[in-house]
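Here's a quick briefing for anyone meeting this structure for the first time. Have a look at the model, then read on.

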Amino acid sequence: MLQDRYGNRVSTESNVACDGYIESVDSVLSATDDPLIGIDKALAADPEFALAHVTKGRHFMLLGKMKEARESILHAASLAPGATAREQSHIEIFNLLSSGLSSDALTLTLSHMQDYPRDAFALAPSTSVFGLIGFGGREAREPEQLDLLEPLVDAYGDDWWFLTVYAFALIEMGQWQRGRELIERALEQKPRSAHTAHIYAHALYEAGEDKPLADYLEAWLPDYPNTNLLSCHAWWHLCLARLMLGEHDAIWSMYDAHCAPSVSDGPAINVFTDGASLLWRSELAGIERSSERWQALQDYREKMLPNPMVFVDAHGGLPALALGDPERFSDWLEALSKADEKGRLPAGKIPGEINHAFAAYAAEDWSKTISILDPIQDQVIRIGGSRAQRDFVLNTLLSAYVKDGRAETARALVSAQTDRPRAVPVAGLYA
């Protein structure tokens, strides 16, 4: 009886197929190397190995290639009758996920974990800030993430992947010291795991250790190809660290080489939201606007993400505002309103409110910006993303306070975040 790395039985008689499957799963869970290498090995040895088709589908999902993902998952589902009960449930989780039935996929995952707690690949889509819980649009999503993972701590022990996702959940709850301990243990086992290195970057960001963060990523990133899943986002973290340090001249050569739409093969959601966030935050820090970079992001969003979706919804109007294009911004607001009416935005009206606040900021109406953003600060979490990513909203509010002559109020807001010992790159905040 062959098993995966977590001790789960797999329905193949081929050692080669099993080994290729294990390799591909680790490639997906670490966002390192090309999962298709292991998948191709597995399917060449056993074309009817259902879980290998699932892994292939998940790989395509993460790349945003939903047509290819659906084809692979449907093929896996056709092979499910010959699989174990665990594998059938595993396949159905991804069948629901690829069908757009996220809530049903999460419900099944919660049940699945009761019976098969070490089915890591089935658990993975519900973890992290871009997962089924993270993108669920609920204000309580961070404690929900911990509630999912904490009962599984003993089942996974010192496994590097579980330590990574558990550490991230702790970090997002403000427990970055404990999260850092866990992520350092994971890095000892899997130093080239991009997901693990990424979460280490979050731990350092929350600790305000921007120089160690920049030094770490400067050493880690050169061997990580632009074609890999997390390349754009990991380089974004390095650009952000340089912004935090005030090293503005170092940012744009890295962005243009690794994050810009013309060079990045990463998921469209990362390419667009990371780029829009970085450009907006750089202007809040006092860096001169780059219309060329904003235009590239506007063109990319219209091509790759034409309709509002989770997380993109809160960022989508920024390029039009930066480019002084009221017609395109109005089109985005209208699209947000229609999507909300149809129940397609997990965060409901919050993304629209954020876009209105950005518009007020662009119009230099500081009091209006404040009047929109201040009352919804506890709701911004609903848009998804990490604390580090959502800071683009907080920094806008802080900048509006500074420009409205209320820098002391802005500094008090920063000081109120007692679990985040950090400075904020907003021009005039500490003047």
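**Starting point: L398**

L398 is found in helix α23; helices here are DSSP runs of H or I with at least four residues, strands are runs of E with at least two, and both are numbered from the N terminus. Keep in mind that this is a predicted model, where local features need pLDDT of at least 70, side-chain atom pairs count only at pLDDT 80 or more, and totals for chains, interfaces and linings use all residues. Residues are numbered from 1 along each chain as its sequence is written, and side-chain values use heavy atoms, with hydrogens and water left out.

**More on L398**

- L398 counts as buried, at 0% relative accessibility (buried is under 20% relative accessible area, exposed is over 50%, and partly exposed is in between, with a 1.4 Å probe and protein chains only).
- Leaving aside neighbours within four places in sequence, L398 is in contact with A410, L413, V414, V424 and V426 (contact means heavy atoms within 4.5 Å).
- L398 and L284 sit 114 residues apart along the chain, and their C-alpha atoms are separated by 9.3 Å.

**The whole chain**

- The protein chain has 24 helices and 0 strands.
- Its radius of gyration is 22 Å, close to the 22 Å that the globule rule gives for 431 residues, so the chain is as compact as a globular protein of that length (the radius is taken over C-alpha atoms, and the rule is 2.2 Å times the number of residues to the power 0.38).
- Along its principal axes, the C-alpha trace spans about 70 × 45 × 35 Å.
- Buried residues make up 59% of the 431 residues.
- Take the contacts between residues at least 6 apart in sequence: 63% of them join residues at least 24 apart.

**The nonpolar core**

- The largest nonpolar core has 155 residues, and those with the most contacts inside it are W161, Y255, I354 and I383 (such a core is a set of buried Ala, Val, Leu, Ile, Met, Phe, Trp, Tyr and Cys residues joined through side-chain atoms within 4.5 Å).
- Helix α10 (residues 160–172) gives the largest share of this core, 11 residues.
- Not counting residues up to four places away in sequence, I354 touches A314, I376, V380, I383 and V393.

**N355 in helix α21**

- N355 is found in helix α21, which covers residues 350–362.
- With a relative accessible area of 0%, N355 is buried.
- Beyond residues up to four places away in sequence, N355 touches several residues, including D313, G316, F329 and W332.

**Buried spots in loops**

- S386 lies in the loop between α22 (366–373) and α23 (387–403), and at 0% relative accessibility S386 counts as buried.
- S386 touches V129, F168, E172 and H202, again not counting residues up to four places away in sequence.
- One of these, E172, is 214 residues from S386 in sequence and 6.8 Å away in space, C-alpha to C-alpha.
- A31 has its place in the loop between α1 (15–30) and α2 (35–45), and A31 is buried, with a relative accessible area of 4%.
- Phi of A31 is near 55°, a positive value in a residue other than glycine.
- F311 lies in the loop between α17 (291–304) and α18 (312–315) and counts as buried at 0% relative accessibility.
- Phi of F311 is near 75°, also a positive value in a residue other than glycine.
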